Amino acid sequence: MAAALGLNGLIALFVSAILFSIGVIGVLLRRNAIIVFMCIELMLNAANLSLVAFARMHGIEGQIFVFFVMAVAAAEAAVGLAIIIAIFRHYEVVDLDRFRLLKW
Amino acid sequence: MIQDFLFQAFAASAILGAVIMVTRRNPVSAVIFLVGVFFATSGMFLMLDAHYIAAINVILYGGAIMVLFLFVLMLLNLGHADWRDLRGPVGGLIGGSISIAFLGVLTRLFVGGTDARPVVEIAGSALREAAAEQGVVGVVARPLFTEYTIVLEVTGVLLLVSIVGTILLARRERT
């Protein structure tokens with residue numbers, strides 16, 4: 001497997017895992033809702049990176065999946081930012097500690 | 001050799017940019033470092049034979065989505081948290097060197113024309129041969145419009161739904 005992937009493919013997989021972990025850490029630790037959103041985008045991009053690395057081994061389908069991931073990410077960013085605007089209009093902050101509607 | 005070095009440089013700058021992005025206090029500088037991460041991953045996509053994906057990663061992620069984030073930050077007036085993240089000699093040095101590098105690349109393109117020798121030669125793979133045969137866009141577009149047509153249509157519906165949802169959510173309620 002490593003031979004078909006090549007050194008750069010292996011590096012891409014490692015970088016993908018590290019970027020995803022950084023994104024998870026950001027989502028869990030940061031309180032600013034917009035930065036949490038940006039960490040989600042970072043996680044999607046990390047997943048895209050591993051998909052592209054595997055597309056080199058298994059054919060073009062990985063890149064097509066990346067295309068759909070990007071479309072869903074665009075939709076998700078638009079709706080999520082609209083939710084943040086609506087929340088800001090109500091509470092005047094975007095601090096995630098202040099939103100307890102769905103927590104117990 | 002130089003390709004491997006470039007690839008590893010892109011990988012290192014992606015990780016470094018992500019760490020800086022997560023630790024910034026000012027959301028505007030976090031956005032800018034995230035754009036840097038997207039540029040670095042685009043370079044990695046390019047060297048993993050995903051040319052079209054690299055292009056739309058810059059245009060869609062680095063361009064459209066990040067501008068949307070910046071737009072919301074400006075709209076909600078949240079960029080004032082800690083300006084030391086953006087200003088100061090280090091930021092000026094990094095920004096100036098990036099600008100000079102871009103100026104050099106653009107000058108090279110204008111002087112040498114677009115048919116200049118490609119900077120990066122990637123080792124041959126099946127994807128690369130397919131791209132040479134059908135074109136960089138064609139190799140992605142052909143299965144997209146033959147095998148995965150229904151998925152493409154559903155994605156269009158998803159985008160329409162997200163447009164309607166965004167307008168509904170962000171609209172000021174009439175009282």
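**Notes on the A/B helix packing**

1. Let me start with a crossing between the chains: the axes of H3(A) and H6(B) cross at roughly 75° and come within 10 Å. Angles from 65 to 115 degrees count as roughly perpendicular, so that is the label for H3(A) and H6(B). On the chain A side, the contact uses A:Gln63, A:Ile64 and A:Phe67 of H3(A), and these meet B:Val140, B:Pro143 and B:Leu144 of H6(B). By class, that makes five nonpolar residues, one polar and no charged. Bear in mind throughout that this is a predicted model.

2. H3(A) also packs on H7(B), residues 149–170 of chain B, with an angle of about 10° and axes 9 Å apart. An angle under 35 degrees counts as roughly parallel, and H3(A) and H7(B) are therefore described that way. From H3(A), the residues involved include A:Phe68, A:Ala71, A:Val72, A:Ala75 and A:Val79, while those from H7(B) include B:Val151, B:Leu158, B:Leu159, B:Gly165 and B:Leu169. What classes of residue make up the contact of H3(A) with H7(B)? There are 15 nonpolar and four polar residues, with no charged ones.

3. Stepping back to the whole contact between the chains, 47 residues come from chain A and 50 residues from chain B. On the chain A side, the elements giving two or more residues are H1 (2–29), H2 (33–58) and H3 (61–91). Which of them gives the largest share? That is H3(A), with 21 residues. The side of chain A that touches chain B divides into 39 nonpolar, six polar and two charged residues.

4. Is A:Met70 buried or exposed? It is buried, because 21 other C-beta atoms lie within 10 Å and the cut-off for buried is 20 or more. Setting aside residues up to four places away in sequence, A:Met70 touches B:Ile56 and B:Leu60. As for A:Phe99, which is 29 residues from A:Met70 along the chain, the two C-alpha atoms are separated by 28 Å.

5. Now the core. The largest nonpolar core has 69 residues, and those with the most contacts inside it are A:Ile34, A:Met38, A:Leu42, A:Val52, B:Leu34 and B:Met44. H1, H2 and H3 of chain A each give two or more residues to this core, as do H1 (2–23), H2 (27–47), H3 (51–76), H5 (126–134) and H6 (138–146) of chain B. H2(A) gives the most, with 16 residues.

6. Chain B itself has seven helices and zero strands. Of its 175 residues, 28% count as buried. If you look at contacts in chain B between residues at least 6 apart in sequence, 63% of them join residues at least 24 apart.

Note on methods: Residues numbered from 1 in each chain as written. Chains lettered and ligands numbered in written order. Predicted model: local features only at pLDDT ≥ 70, side-chain atom pairs only at ≥ 80, totals over all residues. Contact = placed C-beta atoms within 7 Å. Helix = DSSP H or I, 4+ residues; strand = E, 2+ residues; numbered from the N terminus. Nonpolar A, V, L, I, M, F, W, Y, C, P; charged D, E, K, R; others polar. Core = buried A, V, L, I, M, F, W, Y, C linked by C-beta atoms within 7 Å. Buried ≥ 20, exposed ≤ 12 C-beta atoms within 10 Å, placed from the backbone. Axes fitted to C-alpha atoms, helices over the stretch in contact; angles between N-to-C directions. Parallel < 35°, antiparallel > 145°, perpendicular 65-115°, else oblique.
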